[in-house]
2 protein chains.
Amino acid sequence: MPKQLPLAVVDACCSPLAREPLNQEQAAELSKLFKAMADPVRLRLLSLIASHSGGEACVCDLTDAFDLTGPTISHHLKVLRESGLITGERRGTWVYYRVRPEVLARLSAVLVPAMS
Amino acid sequence: MPKQLPLAVVDACCSPLAREPLNQEQAAELSKLFKAMADPVRLRLLSLIASHSGGEACVCDLTDAFDLTGPTISHHLKVLRESGLITGERRGTWVYYRVRPEVLARLSAVLVPAMS
């Protein structure tokens with residue numbers, strides 16, 4: 001079974017930054033997501049998973065793109081998963097990763113600038 | 001005069017994550033922006049500036065929202081400014097900060113999830 005992650009940040013958060021100030025709780029939640037993306041390897045993993053055929057990818061699809069060891073890639077996948085940006089589901093030998101489109105959509109909406 | 005910041009990340013970057021994988025250079029540039037936002041105080045500063053009347057705010061408008069010293073707030077504003085997320089322009093006594101809407105718009109567009 002895929003690990004279930006809290007959806008509070010998705011359900012509760014937030015108006016666009018440019019519409020009203022974030023409160024402390026919202027800023028704390030969002031900063032965790034941005035921290036997970038504040039690394040080039042994790043951003044590339046996220047984009048490889050998000051753009052992969054069928055919307056999911058296993059480690060076997062991801063390692064060739066990097067000059068990194070398996071454990072290092074697994075560490076970064078774990079950070080992405082714990083942040084709530086991706087889910088992982090074991091099927092047979094492999095864990096298959098998917099992005100959570102509702103989390104990306106929410107982050108995208110938060111960053112929309114003010115209408116000029 | 002406001003400090004001019006490189007626009008490379010805005011001009012060159014990127015298709016939505018879910019459309020095609022980021023290359024190393026794009027991921028490196030974007031990760032710097034996400035790193036600047038990977039802190040709750042900086043996220044709140046960004047949202048206070050972005051949502052402030054007239055789209056700009058000086059330190060005098062920002063300090064009351066935080067239980068932090070002036071130098072700490074100045075440090076976070078410097079990180080936001082050096083990342084390219086905001087600009088600062090000195091007029092008389094104060095530096096006035098604005099978000100760069102083109103940078104927010106680009107980040108927002110990068111995070112748009114795939115169409116289902």
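1. Let me start with a term: a polar contact is a pair of N or O atoms within 3.5 Å, where within protein one must be able to donate a hydrogen and the other to accept it, and residues adjacent in sequence count only if both atoms are side-chain atoms. Between chain A and chain B, three residue pairs are in polar contact, both residues at pLDDT 80 or more.

2. A word on the ground rules. This is a predicted model, in which local features need pLDDT of at least 70 and side-chain atom pairs count only at pLDDT 80 or more, while totals for chains, interfaces and linings use all residues. Residues are numbered from 1 along each chain as its sequence is written, and side-chain values use heavy atoms, with hydrogens and water left out.

3. Back to the interface. Contact (heavy atoms within 4.5 Å) involves 33 residues from chain A and 33 residues from chain B. The two chains bury about 2700 Å² between them, 76% of it on carbon and sulfur atoms; buried area here is the accessible area (1.4 Å probe) that two parts lose on being put together, summed over both. Salt bridges between chain A and chain B number zero, taking a salt bridge as a side-chain nitrogen of Lys or Arg within 4 Å of a carboxyl oxygen of Asp or Glu.

4. Over all chains, though, there are twelve salt bridges. In chain A, Glu29(A) pairs with Lys32(A) at 3.8 Å, N to O. Glu29(A) is partly exposed at 30% relative accessibility, and Lys32(A) is exposed at 52% (buried means under 20% relative accessible area, exposed over 50%, partly exposed in between, with a 1.4 Å probe and protein chains only). In chain B, Glu29(B) and Lys32(B) form a salt bridge at 3.7 Å, N to O.

5. Do look at Glu56(B) and Arg91(B), whose side chains form a salt bridge at 2.6 Å, N to O. Glu56(B) lies in strand β1 and Arg91(B) in strand β2 of chain B, so the pair ties together parts that are 35 residues apart in sequence; strands are DSSP runs (E, at least two residues), numbered from the N terminus. In chain A, a network of salt bridges links Glu56(A), Glu89(A), Arg91(A) and Arg98(A).

6. Finally, the cysteines. Two disulfides are counted over all chains, each being a pair of cysteine sulfur atoms within 2.5 Å. Cys58(A) is joined to Cys60(A), S to S 1.9 Å, and Cys58(B) to Cys60(B), S to S 1.8 Å. Cys58(A) is buried at 2%, whereas Cys60(A) is partly exposed at 34%.

Methods:
Chains are lettered from A and ligands numbered from 1 in the order in which they are written. Helices (H or I, at least four residues) and strands (E, at least two) are DSSP runs, numbered from the N terminus.
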